[in-house]
Amino acid sequence: MMTGWMQRLFRPECHRVQQVMDAWLDGELPVDQAHRVAAHLADCERCGIEADTYRRVKASLAALAPDLRPPADPDALDRLRRFAEDLTTSE
Amino acid sequence: MGRVVVDPGVADPTVRSDQRDEAFRVHVLPELQLLHAMAMRLTRDPHDAEDLVQDTLVRAYRALHRFDGRYPRSWLLTILRNTNINRARKKRPVLVHDEHATFSRLPGHGSAGREGAAEEALNRIPDGAVLGALADLTEDHRTIVLLVDVDGLAYREAADLLGIPVGTVMSRLHRARSALRTGLEQRGHLRGGTT
Ligand SMILES: [Zn+2]
């Protein structure tokens, strides 16, 4: 655990963490690796701020999902579901 | 069902149709909504999308005996992509639905309406800035951001849908997010990470 200006130093660990930051954000890291990244982010101000920034962007995009997703069409989905069910019974 | 041996491409209805139907219900039907949404991303057209999903379902049903039951989404998105390539030979392939249609439907309600403690804690960026920065991305960059952050695809699934390696998904995503961040900073957001 470091304090003050030491927290803002770019440590060797920082480089590795930044390389997997996207994968960490997206939940694509194996659990043990994700824990190591989380521990570093809690301890390193510099990487912590970086992670917060990208988390904000990701959260903002997710909140806009209803506007950015292709428009849903329940009728089309119903037709497709029926089509799929017919497939399983016809052959 | 994974151990069943079948002549390639030939459906023998008498022996395994029950198993095949069951596998179809287990692996394919739950992904119908995702398939339709991704077909809309690929075609941008409701009719084309519906046709594409139908063709994909038929192909998936026929190919089920070769599917090992792992990563059904990946498997289905690969079929969707290949089916689309075959269908779209004469048409110009597109990956993202009409961005003008999207961005002209800008929500007028800004930050009102949607809430949530976690979101609030993260101090959401105004919708207009996010949409503007997104619109400024290259099409490849915008697509990968939409697939991962909006549609919630795993890297592997995005890779299968786009027909690119997972490593390319990761590097493209990283560059896209950097560009998005720059765009947001230029719009006066994100600087210092806490504004
Ligand atoms: Zn660090």
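Predicted model: local features only at pLDDT ≥ 70, side-chain atom pairs only at ≥ 80, totals over all residues.
1. Salt bridges with shared partners join Asp22(A), Asp26(A), Lys58(A), Asp149(B) and Arg177(B) into one network.

2. Next, the interface as a whole. On chain A, 38 residues are in contact with chain B, and 55 residues of chain B take part. Together the chains bury about 4400 Å². Carbon and sulfur atoms account for 62% of that area.

3. Now the polar side of the interface. Between chain A and chain B there are five salt bridges. Polar contacts join 14 residue pairs across the interface, with both residues at pLDDT 80 or more. Four helices of chain A, namely α2 (21-25), α4 (45-63), α5 (65-68) and α6 (74-90), each supply at least two residues to the side that touches chain B. Helix α4(A) gives the most, with 13 residues. By class, this side of chain A has 20 nonpolar, 14 charged and four polar residues.

4. Over all chains, the structure holds 19 salt bridges. One of them lies within chain A: Arg11(A) pairs with Asp43(A), the closest N and O atoms being 3.3 Å apart. This pair links distant parts of the chain, 32 residues apart. Arg11(A) is in the segment before α1 (12-19), while Asp43(A) belongs to helix α3 (residues 31-43). Arg11(A) counts as buried because its relative accessible area, 15%, is under 20%. Asp43(A) is also buried, at 16%.

5. Chain B has a salt bridge of its own to check. Asp136(B) pairs with Arg187(B), with 2.8 Å between the closest N and O atoms. Again, distant parts of the chain are linked: Asp136(B) is in helix α7 (residues 127-136), Arg187(B) in the segment after α10, and 51 residues separate them. Arg187(B) counts as partly exposed, at 33% relative accessibility.

Methods: Residues numbered from 1 in each chain as written. Chains lettered and ligands numbered in written order. Heavy atoms only, no water. Contact = heavy atoms within 4.5 Å. Buried area = accessible area lost by both parts, 1.4 Å probe. Salt bridge = Lys/Arg side-chain N within 4 Å of Asp/Glu carboxyl O. Polar contact = N/O pair within 3.5 Å; in protein donor to acceptor, adjacent residues only side chain to side chain. Nonpolar A, V, L, I, M, F, W, Y, C, P; charged D, E, K, R; others polar. Buried < 20%, exposed > 50% of the residue type's maximum accessible area, 1.4 Å probe, protein only.
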